[in-house]
Every structure is written in C-alpha cells, then in structure tokens.
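Please read these notes with the model open beside you.

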Amino acid sequence: MMTARGKWTQLAVLALVIALLPLFFPSGYYYRVGALIFVNALSVVGLVILIGYAGQISLGHAGFAGIGAYACALAPEHLGLHPGLAVILGAVVSGIMALLIGRPILRLKGYYLAVATLGFGILVSMVLTNERALTGGPDGMSVEDLGLRALLRDLGWRLSGGEFWYGVSGFVLLIGAWLALNLFDSPTGRAMRALHGSEVAASTVGVDVARQKLRAFVISAVYASVAGSLLALQNGYITPDVAGFMHSIEMVTMAVLGGVGSVLGATLGAAILTLLPQVLTVFAEYEQLVLGAVMIVVMIFLPQGLLPSIARRIRGRGE
Amino acid sequence: MSLLNVTGLGITFGGLKAVDDVSFAVKPGEIVSVIGPNGAGKTTLFNMISGVYMPGRGKVELDGQDVTGTPPHLLARMGLSRTFQNLQIFQDMTVLDNVLAGYHLQESGSILADLLSLPGMHRRAAKARDGAMGLLTRVRLDKAASQEAGSLSYGALKRLEIARALALNTRILLLDEPAAGCNAVETEEIDHLIAELAASGIAILLVEHDMKLVMRISNHIVVLDHGEKIAEGDPATVSRDPQVIAAYLGAEETEAADADG
C-alpha cells in the first residue's frame, strides 16, 4: 500500500528516469519518442485518478485530448491567443464539457459513464473531421509554435525540437504525477477510493458519491486535454485521429496494462504501448488486435496490472 | 426527548409488504434492539432509516426534524451512522484509511488544497489521523493501522466497521448484526464496546440474532415478524410475550423442517 513516503519515492524514480534516459539514446530521434511517451503517460495518469481511484470507466477520453489539441490549433489562429494560453483554454473547455456530461450521468449507478463518454468521444471526432472549413477535416491543420524554444535560444540555450519537447513533456508529466499522488493521500482521494470500494458504505460516512465521481471525471478530462495540447504543440500538426475512438481505447489499455491504481505503473504502460509500434512496425497494421490481446491477457493473468503485480512478487520474496 | 423517531414506516417490494406500519423511538444513550425471525424486515427497516431505501409510507425524524428519504451522506452530517450485515469495508485501503474515510466530513476542504498538498490539508489530515488512531485503539486495531483492510480477520473487520462509523460525530449508530459470525470472545468484545458507546451518550439501534447479547444489553426491544411490529418493551416483558414466543418457535419449526428436507 502506498504511503506519504511512497509519494516521494515514486516521484524521485520518475524524475531520475526522465533525467537519465537520454544517456542511452542512440540518436536524436528518441527524444521525440520519449516526449510522446510522457504525453501519453500524462493522460493515463488522469485515467488512474478516474479508474484507479474512483472506479469509473471512460471510453471517450480522446475526445478531451481532441479538445485540448484543437484549442492549440484554433485559438491562436482565430482568437489571437498565445499557444500557451490556448492550453489553458482547452483545459477549461474540457473541464466544463466533463462537468456537463458527468453531472447527470454520474448520479446513476453502473456503467452509464462508459456509454456516455463513448458517444461523446465519437461526437468530438466527427465534428473535427466534418467541420472542414474550421479544422481542415481529416487532413488536419498546422499548429503555431509555442515560441518558448526560440526564447531559450536567444538566452543562449540551444535545444533541438526533440530535446525541448522531451524536457517540457517530462516536466509536465512530473507535475501531473505529483498532483495525482497528492490526491491519493488526501481527504478527496480517500473519498474517491472509498466509493470505489463500496458506494453505500462511502455514502453512510458522509461521502457525496456523485460529487466525488464528478470531480474525478473532470480532473481526468483536464489531464487528457493538456496531454492533447502538448501533442499538438510538439508535432506542429494535428489530425482528428487524436480524438478517435482507438486513441481512447489505447489510453485505457495503457492504464490497465501498467496498473490502473498506480501512477508509476501508468507511465510504464504508456511507455510499453508507445514503444511497441516504434519497435515493431508491423504492429501498426494490427494495432487494434494487439490492444485487444493485451487487454485480455492482462485481465486474466495480471488483473492489477504490470507494476503492482511485480511489486507484490518482489515483496512476497522478501518476506 | 427522543433522538430518533420512527412513525408508521413501511415499504412494499413488488406487492409484498416488507415492512408495514412500524413505529418506535430511540433516546440518547439508549440501546434499542430490533429482533425477529429471518426475513422479518429488520435490515429493510435499517435501510429505510439510514436513507439507503426510500420509505413507501411513514416518517423518520432525527432530533425532531423530518429526514424521511434523506440520502445517507446528508444523514451522516446530522450524526446518523451505520454498519452493515454483510461487511462493507474498503478492502483495498489500509485500516487507518478506512477510518479516515469516516472523517471525510470533518477533514475535507477544497479540492485544490488536496491536489496541491497545501499546509491546510495537512493540518486537517493530522487532526483526523489522531482521531482515527484513537478510535482504532478503542476497538483494539491500532497495531494493524497500516495493514490492508482485506487482510484482517472477520471479527476485526466487524470492529473496524464500528470504528469507521464512529468517525463522524456520531449521535445515533445503527448496528446491523455486529456479532454475526463472531466467536464467543469476539461477541463479548463487541458487547462491551456497545455498552461503552451507549454510556458515552450515543443512541444505539441494534439488529442482532444473538439473543443472549440482545437480552443482556438492550434497554428496549422491538419485535418484528413479517414486516410488522408484534411486540415492544423491556427485555423481560418481550421474552414473556406469547406472540414473540410463537413467532420464534414457529420460525424454529420451519427452519428445522427446512433442515430436515
């Protein structure tokens, strides 16, 4: 079980990995892969809060990633907003959307959230695909540069695009992990975990079950949105795929694979499933097949996910 | 003045009157037991009082205020708390975290303080932790505080549930079969605990099958059969009541017949 001390250990492990990994990079290309892993891990950490803490499932989180991504593409062009502020705008819009969807749905018991978010994700992806005039349709659109790298260059710190985004994504992931770990061992986090354990018991000790589920949903939506924004900014280009159903499934599979209750596990899950298509190019064509297989195998053999199962085994041996 | 007043309470499940026209009252510091054969409607009665079920008829009053059909988390704010017949423990959380969840109402501040781990959150958390450890000591689980709750024995889980229920500023505690499945030693521990709680001024409403326990500690007993109140009074009166004896003997006969069949 995680304790307050466990929080700093986990953050230290994560920080060390982010800092030391580049020593093993054979080429600059891997900075790009690393940045992509961190961005995926960020949205999966959000899902740890929703699925792992509060026990709710969303099948449409890519919708929020889409809102975040297109906020960064559209707001600078149409509203003249700085791309950095567009990230915040996207997060606010995603949070409000989550509030609007979650409020009526989360009063109900059962898997209504999964169904509602499934619909929401598909809706966002359809709007992004069909509103050609605004979004460029399935071809996507370009995203304005953040401008921060040029600023650093003027200050005498020359970074490649890959290096810069590796650093930024790693830093944002660390903040996301810190927030999620804070939440775990807080009154709100305990309330979320309590309702996950037993809704009726949680409510009899004063937990407003619907309200806490809604909080978890909104927070996780903001995570996905920020991750979508970072993806758009670092690629400089965005297509509606970011909001696609497969991306939602990918996120849930990463969370389940790594360990849905564990922030570090989520990062590991994101790393494995981001790397796989890079290593095995054939994977790209069978992505859906592989994701399905991973999900089934994990559910059968490692229901708690990779990292918690390994940790348990090591502890078991130690005793 | 009664703390809890139940008047004409009833509920119907698909044409079956699970509980019908039940009335009674509980005063602070008093132990009131609800007894009756299996299926008499005791747990259903509890679920209506604690807001888990919406009563079909009748009224529940807490401190003179009508709270009929109020959801459990709002009743918790008013000091009504309960345990469950089939344990409802947060299995994946530590023993301490289970009780801390009970401090939710006193402990929780803004979500931002929780996310950012602000000092205010730590102050509240430290206070709650002290209180929770105190409660765990009271139910003799303080040494198990950092264990995962799922690893505790059945009797210990029963005590943990009581500790968690006491974490809110509990004024009335509903205990649904706290001694079920416990051995003689564990039952005696729970017996002492309940008496202690009542002595400290908490009103206790108890559902229990262990008649020895009920007769020993109750101030007042309400007997249910087929959802209706068939008798009420102090232990001596109730145990002599011909209707009560008939209900229990009848139940035993049917149970014996079931066992033979």
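1. Basis. This is a predicted model, in which local features need pLDDT of at least 70 and side-chain atom pairs count only at pLDDT 80 or more, while totals for chains, interfaces and linings use all residues. Residues are numbered from 1 along each chain as its sequence is written, and chains are lettered from A and ligands numbered from 1 in the order in which they are written.

2. Helices H2 and H11 of chain A. Helices (H or I, at least four residues) and strands (E, at least two) are DSSP runs, numbered from the N terminus. Helix H2 (residues 29-53) of chain A and H11(A) have axes that come within 8 Å and cross at roughly 170 degrees. H2(A) is therefore roughly antiparallel to H11(A). (Angles under 35 degrees count as roughly parallel, over 145 as roughly antiparallel, 65 to 115 as roughly perpendicular and the rest as oblique. Axes are lines fitted to C-alpha atoms, for helices over the stretch in contact, and angles run from 0 to 180 degrees between N-to-C directions.) Residues that make the contact include A:Leu42 and A:Tyr53 of H2(A), and A:Phe217 and A:Tyr223 of H11(A). Two residues are in contact if their C-beta atoms, placed from the backbone, lie within 7 Å.

3. Helices H3 and H11 of chain A. The axes of helix H3 (residues 61-79) of chain A and helix H11 (residues 209-235) of chain A come within 6 Å, crossing at roughly 45 degrees. These two helices, H3(A) and H11(A), are therefore oblique to each other. H3(A) passes H11(A) in a right-handed crossing. (A crossing is left-handed if the near helix is turned anticlockwise from the far one by less than a right angle, and right-handed if clockwise.) The contact of H3(A) with H11(A) has 14 nonpolar, 7 polar and no charged residues.

4. Helices H4 and H11 of chain A. Helix H4 (residues 83-105) of chain A and H11(A) have axes that come within 8 Å and cross at roughly 150 degrees. H4(A) also passes H11(A) in a right-handed crossing. Among the residues of this contact are A:Arg103 of H4(A) and A:Leu214 of H11(A). The contact of H4(A) with H11(A) divides into 14 nonpolar, 6 polar and 1 charged.

5. The UniProt record. For "transmembrane region", an unreviewed UniProt entry lists several spans of chain A, including residues 36-55 and 110-128. UniProt positions are given in the numbering used here, feature names are shortened, and annotations may be inferred rather than shown by experiment. In the model, residues 36-55 of chain A are 90% helix and 0% strand, with end C-alpha atoms 27 Å apart. For residues 110-128 of chain A the span is 89% helix and 0% strand, and the end C-alpha atoms lie 30 Å apart.

6. Contact between the chains. The contact takes 24 residues from chain A and 34 residues from chain B. On the side of chain A that touches chain B, the largest share, 8 residues, comes from H9(A). That side of chain A has 11 nonpolar, 9 polar and 4 charged residues.

7. Six-stranded sheet of chain B. An open sheet of 6 strands has the order E6-E7-E8-E3-E9-E10 (chain B), with mixed pairing. Two strands pair if DSSP finds at least two bridges between them. Strand E6 (80-82) and strand E10 (228-233) of chain B are the edge strands, each pairing on one side only. Strand E9 (residues 220-225) of chain B runs antiparallel to E10(B), and 5 bridges join them. B:Leu224 stands opposite B:Lys229 in E10(B). Helix H8 (residues 184-199) of chain B lies across strands E3 (31-35), E7 (172-176) and E8 (203-207) of chain B, at about 150 degrees to E8(B).

8. Four-stranded sheet of chain B. Another open sheet has 4 strands in the order E2-E1-E4-E5 (chain B), with antiparallel pairing. Its edge strands are strand E2 (16-26) and strand E5 (65-66) of chain B.

Conventions. Ala, Val, Leu, Ile, Met, Phe, Trp, Tyr, Cys and Pro count as nonpolar, Asp, Glu, Lys and Arg as charged, and the others, Gly among them, as polar.
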